[in-house]
Amino acid sequence: MKYYIFTYDGCILPIAKQLQDEDNLVYVAQVQDSSDLGVESGINAEETKEKRKRRLSLYDGILHKMKPEELLAMMRKEPKKEECFVLFDFNNLWKYAQKALDMGFVNGNFCLEEDFEREKDRNASKKFVKKYYPGIKVAETYKFNNVDEAIQFLNDNGDRQFALKSDGNFVDTVVPLTDNNEFAKSEIVFQLRKYKSDYEKGFTLEEKIQNPIEVAPQIAFWNGEPIYTTIDIETRMIGSGDVGYQTGGNENIVMATDFKDKINKIAFPPIIYEMAKKRKGLFLFDCGILFDKKGVPYFTEFAGNRWGWGGVFSELSMSRKGDRVSSSYFESLMKGKNPFQYKFGTTLSIYNINPDSKNPGLYSCEDPIQWDNHAKKWFFPYEIRKEVIESEKSDGTKDKSQMNITVGASCMKALIGYTTGCGNTFEQATDVLYDHFIGHVYTGSMYFRPKDDMLSTGYGTSIKNRLNFLSRNGYISGKFQIQEDCNHINIYANYISKTNKY
């Protein structure tokens, strides 16, 4: 099969490489500068020369990359558009997706402007939820354009906690991790003052749900017809037990669910099915949900028509047929079929957390990274490139060798790559993940959360506890056991079960 792939920060490059290894024709375009996207979002922050150099060096020597204009010119001449698949890793690429649609391509995840706006405009998304989602509540939010006014508001509401969110993703979201209201307020005030000009482009203070159960249901359509539903659960902190700072997805599981499951009834009301009927190819829709201590579901955000990274790697792992992984997923989609062969997919993020002493704000680079054949079909390296090393032998002849090395681009907060697993239970998928990783992938700067943390029930936000919560309350079909010695978790789960009214 032939694939045309577009990216800005390179998230999809590991998939492109695997598709190429599975004997597909793969053409990749990387956006050269954020201004070329023609959209306003967090990535429009000034990119230094060094950051740009590293970002554009991702997968050098491994994949042939071109500029988007060059790839679009090639696509215009494609004689069999209906046999090709067009891929975009984020919806900020919607202008390129629209051009592909205008050319007549029909297979792909064609993100549109409305998908990008639905993710970017948080206030509009909340209005959408209030109108169409009777089973999900929206936390109180307060919109500001003035930092001083927001700080006064925080001082006047010292008995409550808030999350800080930029309306257009111009600057980071801040969700205090502490239960101490004064500490939480100070953290937000510090961020507001430090990045005042960025936040004053528009920001909100959203009432924080304390110690929530966070999940992300997802539904996938092909040419308007539903083909699968999943639950995506991830840990966001870099430290085991959720004690570190946020890095995005750290540990991730995707569980295949039934269309009739209760979680899908509240997450995907009829309006989503109506929207899907108007779309070509793959249309992904998810709905972030936080359950509070009483079991009440609250809306967090939409991630319009894109995979959850690295949830996509969990989904690919669930779709594997022998040595064919990424190909199996996309080929099943083109037939309008559910691609999953397994109930669970797991993903673990591998980090390089060593700072670059010569380039503040970036992570160390030039570290060799190696993996063996046992890991090959399970590991998706991200921030790497291939370097040719030339040396002179004693007889004066030249010797050349190749090595994959880390790039340290910091596009995904020090992420080196993802390792994956699959199975028909969560425990089995976790065992497979670590079996194909420990001792089979190596770089000197590597950090990852251990297996006992992935399987832990010792803290309320653990993946296993969230699965257990969903099962006990009838949101998903299937049974999940919890360790009997974690009495505080049992008490909390029983409390949720008795008070939940949804």
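Modeller: One term before we start: two strands pair if DSSP finds at least two bridges between them. Also, this is a predicted model.

Colleague: OK. In what order do the strands of the open sheet come?
Modeller: The order is β3-β2-β1-β4. Those 4 strands form an open sheet, and the pairing is parallel.

Colleague: Which strands stand at the edges?
Modeller: β3 (65–66) and β4 (84–88) do. Each has a single partner strand, so one side of each has no neighbour in the sheet.

Colleague: And how many bridges join β1 to β4?
Modeller: There are 5, between β4 and strand β1, residues 2–7. The two run parallel. Y3 stands opposite F85 in β4.

Colleague: What does α1 touch on the sheet?
Modeller: α1 packs on it and touches β1, β2 (25–30) and β4. The direction of α1 makes about 160° with that of β2.

Colleague: Which strands does α13 lie across?
Modeller: Helix α13, residues 326–334, lies across β1 and β4. It runs at about 115° to β4.

Colleague: Is α13 largely enclosed or left open?
Modeller: Largely enclosed by the rest of the structure, because 7 of its 9 residues are buried. Buried here means under 20% relative accessible area. Among the buried ones are Y329, F330 and L333.

Colleague: What comes just after α13?
Modeller: G336, with a positive phi of about 70°.

Colleague: Switching topic. Where does G288 lie?
Modeller: In the loop between β11 (282–286) and β12 (289–291).

Colleague: Buried or exposed?
Modeller: G288 counts as buried, because its relative accessibility is 7%.

Colleague: Which residues is G288 in contact with, leaving aside its neighbours within four places in sequence?
Modeller: V215, A216, Y298, F299, T300 and E301. V215 is 73 residues apart from G288 along the chain, yet their C-alpha atoms are separated by 6.2 Å.

Colleague: Now pockets. What volume does the second largest pocket have?
Modeller: About 290 Å³.

Colleague: How many residues line the second largest pocket?
Modeller: 17. Nearest its centre lie K17, D21, W371, K376 and P381. The elements giving two or more residues to the lining are α1 (13–21), α14 (373–376), β16 (379–381) and β17 (384–392).

Colleague: Which one gives the most?
Modeller: α1, with 4 residues.

Colleague: Last one. How do the lining residues divide into nonpolar, polar and charged?
Modeller: For the second largest pocket, 8 are nonpolar, 3 are polar and 6 are charged.

Note on methods:
Residues are numbered from 1 along each chain as its sequence is written. This is a predicted model: local features need pLDDT of at least 70, side-chain atom pairs count only at pLDDT 80 or more; totals for chains, interfaces and linings use all residues. Side-chain values use heavy atoms; hydrogens and water are left out. Buried means under 20% relative accessible area, exposed over 50%, partly exposed in between (1.4 Å probe, protein chains only). Contact means heavy atoms within 4.5 Å. On a 1 Å grid over the protein atoms alone, a cavity is a set of points where a 1.4 Å probe fits but cannot get out, and a pocket is an open set with protein on both sides within 12 Å along at least five of seven lines; lining residues have an atom within 4 Å of a point. Grid points are joined across faces, edges and corners, and a volume is the space filled by probe spheres set on the points. Ala, Val, Leu, Ile, Met, Phe, Trp, Tyr, Cys and Pro count as nonpolar, Asp, Glu, Lys and Arg as charged, and the others, Gly among them, as polar. Axes are lines fitted to C-alpha atoms, for helices over the stretch in contact, and angles run from 0 to 180 degrees between N-to-C directions.
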